Amino acid sequence: MLHWSITFLVLALIAAVLGFSGIAGAAASIAKILFFIFVAFLVLSFIFSLVKKPKA
């Protein structure tokens, strides 16, 4: 998922340089959404790994 965020971020930067503001804005929005989803999954994974540890 982080790969897709970076891909859309690069696409947004290229589109912004070329002057396609609509495409750049859309790609940046998608990249931001995917990044926050990735961060949420990362936090959930960390919490579940702490909860799931065997108590030995």
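User: Which residues does the UniProt annotation "transmembrane region" cover?

Analyst: UniProt positions follow the numbering used here, feature names are shortened, and annotations may be inferred rather than shown by experiment; in this case the unreviewed entry places the region at residues 29-51. Residues are numbered from 1 along each chain as its sequence is written. The model is predicted, with local features needing pLDDT of at least 70, side-chain atom pairs pLDDT 80 or more, and totals using all residues, while side-chain values use heavy atoms, without hydrogens and water.

User: How many helices and strands are in the protein?

Analyst: Helices (H or I, at least four residues) and strands (E, at least two) are DSSP runs, numbered from the N terminus; here there are two helices and zero strands. Residues 29-51 are 100% helix, with end C-alpha atoms 33 Å apart.

User: At what angle do the axes of H1 and H2 cross?

Analyst: Axes are lines fitted to C-alpha atoms, for helices over the stretch in contact, and angles between N-to-C directions run from 0 to 180 degrees. The axes of H1 (residues 2-18) and H2 (residues 21-51) come within 8 Å and cross at roughly 160°, and the two helices are therefore roughly antiparallel (an angle over 145 degrees).

User: What radius of gyration does the protein have?

Analyst: This radius is taken over C-alpha atoms, and the globule rule is 2.2 Å times the number of residues to the power 0.38. The protein has 17 Å, whereas a compact globule of 56 residues would have a value near 10 Å.

Conventions. Parallel < 35°, antiparallel > 145°, perpendicular 65-115°, else oblique.
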